[in-house]
Amino acid sequence: RFSSQFLDELRDRVPLSGIVGNHVQLRRRGREQLGLCPFHKEKTPSFTVNDDKGFYHCFGCGAHGDVIAFEMNHGGLAFPDAIERLAGIAGVALPQASPEAAAREKVEDRLIGVLEAATRWYEGELHGPRGAAALAYLQARGLSDATIQRFRLGFAPEGRGLLIAALGKQGFSEGEMLETGLLVAVEAPKTPFERFRQRILFPITN
């Protein structure tokens, strides 16, 4: 829905320091502005804003991004909501989605749902009887329960058809699982099978 040209125009029209300055007291230091990081507690300012480059960076916690990322991370907004808010500030009309784009977005949302369901299932398997050895391995490598939970680590057990059956009960088709890459396609009359088996999984969420 939002072209790169539209997003670039939005970034150009809304100075980053103006948005950040609503929440952080900034003082100029050369070409940058410096303040206390809004993403973690600190006594010595380590949060910099650079309007020329269009990004902020915290040397304390590593927070980094542009004006859109700041609206999302600090304001707790989803990407479309952050764009809508910034467009209102900039006085820019939001582009209207074409029927084709709306249909494509609907399909993409569905496929994201497939991946989310798979991630939850893999997480459950890691903490179930089939994942006991994998969980013990991770713990032996020094990963705490909090770290495993934070990064949503999972386990794909051995055995064909397990993921297909689990996601099928939630209404997802084999075609959708193939589209996401969770399944490997084979020639008929053989049926598709899970790409990941007997593996610890680290889902990519960004």
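Visitor: Let me start with Cys37: is it buried or exposed?
Guide: Cys37 is buried, with a relative accessible area of 6%; buried means under 20% relative accessible area, exposed means over 50%, and partly exposed lies in between, using a 1.4 Å probe and protein chains only. This is a predicted model, in which local features need pLDDT of at least 70 and side-chain atom pairs count only at pLDDT 80 or more, while totals for chains, interfaces and linings use all residues. Residues are numbered from 1 along each chain as its sequence is written, and side-chain values use heavy atoms, with hydrogens and water left out.

Visitor: OK, and how many disulfides turn up in a search of the whole structure?
Guide: The search finds zero disulfides, a disulfide being a pair of cysteine sulfur atoms within 2.5 Å. For Cys37, the nearest cysteine sulfur is that of Cys58, 3.6 Å away, and Cys37 is in no disulfide.

Visitor: And Cys58, buried or exposed?
Guide: Cys58 counts as buried, at 1% relative accessibility.

Visitor: Switching to the strands, in what order do the five strands of the open sheet come?
Guide: The order is 1-2-3-4-5, with antiparallel pairing. Strands (E, at least two residues) and helices (H or I, at least four residues) are DSSP runs, numbered from the N terminus, and two strands pair if DSSP finds at least two bridges between them.

Visitor: Which strands stand at the edges, then?
Guide: Strand 1 (27–29) and strand 5 (64–65) do, and because each has a single partner strand, one side of each is left without a neighbour in the sheet.

Visitor: How many bridges join strand 1 to strand 2?
Guide: Three bridges join these two antiparallel strands, and Arg27 stands opposite Leu34 in strand 2. Strand 1 and strand 2 also form a hairpin with two residues between them, where Gly30 in the turn has a positive phi of about 70°.

Visitor: What about strand 3, what does it pair with on the strand 4 side?
Guide: Strand 3 (residues 47–50) runs antiparallel to strand 4 (residues 55–58), and four bridges join them. Thr48 has His57 as its bridge partner in strand 4, and Val49 is paired there with Tyr56. These two strands form a hairpin as well, with four residues between them, and Gly54 in its turn has a positive phi of about 75°. Towards strand 2 (residues 32–35), strand 3 pairs in the antiparallel sense over three bridges, one of the pairs being Leu34 with Thr48 and another being Gln33 with Val49.

Visitor: Which residues touch the most other members in the largest nonpolar core?
Guide: They are Phe47 and Tyr56, in a core of 24 residues; a nonpolar core is a set of buried Ala, Val, Leu, Ile, Met, Phe, Trp, Tyr and Cys residues joined through side-chain atoms within 4.5 Å. The elements giving two or more residues to this core are helix 1 (4–13), helix 2 (16–20), strand 3, strand 4, helix 3 and helix 4 (79–90). Another core, of 15 residues, lies apart from it and has Trp121, Ala156, Leu167 and Leu183 among its members.

Visitor: New topic: where is Asp66?
Guide: Asp66 is in the loop between strand 5 and helix 3 (67–75), and it is buried, with a relative accessible area of 19%. Its side chain reaches the backbone nitrogen of Ala69 at 2.9 Å, a polar contact being a pair of N or O atoms within 3.5 Å, where within protein one must be able to donate a hydrogen and the other to accept it, and residues adjacent in sequence count only if both atoms are side-chain atoms. Leaving aside residues up to four places away in sequence, Asp66 touches Arg11, Leu16, Gly54, Phe55 and Tyr56, with contact meaning heavy atoms within 4.5 Å.

Visitor: Last one, which residues of helix 6 are buried?
Guide: In helix 6, Ala134, Leu135 and Leu138 are buried. They cover an arc of only 100° around the axis, so they lie on the same side of helix 6, the arc being that of the directions from the helix axis to the C-beta atoms. The face turned away from that buried side carries the exposed residues Ala133 and Ala140.
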